[in-house]
Amino acid sequence: MEGEEWRKIWDQGGSALDDLRAEYDKLAALGVIEAVSQAMTTHAGSSSVVELGCKVLRTLARSMPNKVKIGEARGIEAIV
């Protein structure tokens, strides 16, 4: 979810925001963060892989527990 659509849900808060964060947590539980981090490391020379990976990690980081998981999966190193 990008830009205006996210901003609208963020501004409204409430159950819509909670539901969206729960969806992000489900994706993280499936291993998406680790897979993206690995892909970004393996394909560091591919700007399209790195760009897409950054977008995915940025989106999943909207949930606080996922911020920790991104750090644990070396997602920060993959970005830098």
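Helices (H or I, at least four residues) are DSSP runs, numbered from the N terminus. One of them, helix α5 (residues 64-72), contains E72.

## Basis

This is a predicted model: local features need pLDDT of at least 70, side-chain atom pairs count only at pLDDT 80 or more, and totals for chains, interfaces and linings use all residues. Residues are numbered from 1 along each chain as its sequence is written, and side-chain values use heavy atoms, with hydrogens and water left out.

## E72

E72 has 62% relative accessibility, so E72 counts as exposed (over 50% relative accessible area; buried means under 20%, partly exposed in between; 1.4 Å probe, protein chains only). E72 and I33 are 39 residues apart along the chain. Their C-alpha atoms are separated by 9.6 Å.

## α1 against α2

Two packed helices are described by the angle between their axes and the distance between the axes. For α1 and α2 the angle is about 125 degrees, and the axes are 6 Å apart. Axes here are lines fitted to C-alpha atoms over the stretch in contact, with angles from 0 to 180 degrees between N-to-C directions. That makes α1 oblique to α2 (under 35 degrees is roughly parallel, over 145 roughly antiparallel, 65 to 115 roughly perpendicular, the rest oblique). The crossing is left-handed: the near helix is turned anticlockwise from the far one by less than a right angle.

From α1, W6, I9, W10 and Q12 meet G14, A16, L17, L20, R21 and Y24 of α2 (contact means heavy atoms within 4.5 Å). The contact of α1 with α2 has seven nonpolar, two polar and one charged residues. Ala, Val, Leu, Ile, Met, Phe, Trp, Tyr, Cys and Pro count as nonpolar, Asp, Glu, Lys and Arg as charged, and the others, Gly among them, as polar.

## α3 against α4

Helix α3 (residues 32-42) and helix α4 (residues 47-60) cross at roughly 155 degrees, and their axes come within 9 Å. That makes α3 roughly antiparallel to α4. Their crossing is left-handed.

On the α3 side, V32, I33, V36, A39 and M40 take part. They meet V49, V50, G53, C54, V56, L57 and L60 in α4. The contact of α3 with α4 counts eleven nonpolar residues, one polar and no charged.

## The core

The largest nonpolar core holds 15 residues. Such a core is a set of buried Ala, Val, Leu, Ile, Met, Phe, Trp, Tyr and Cys residues joined through side-chain atoms within 4.5 Å. W6, L20, Y24, I33, M40, L57 and I70 touch the most other members. Two or more residues come from each of α1 (3-12), α2 (14-29), α3 and α4. α2 gives the most, with four residues.
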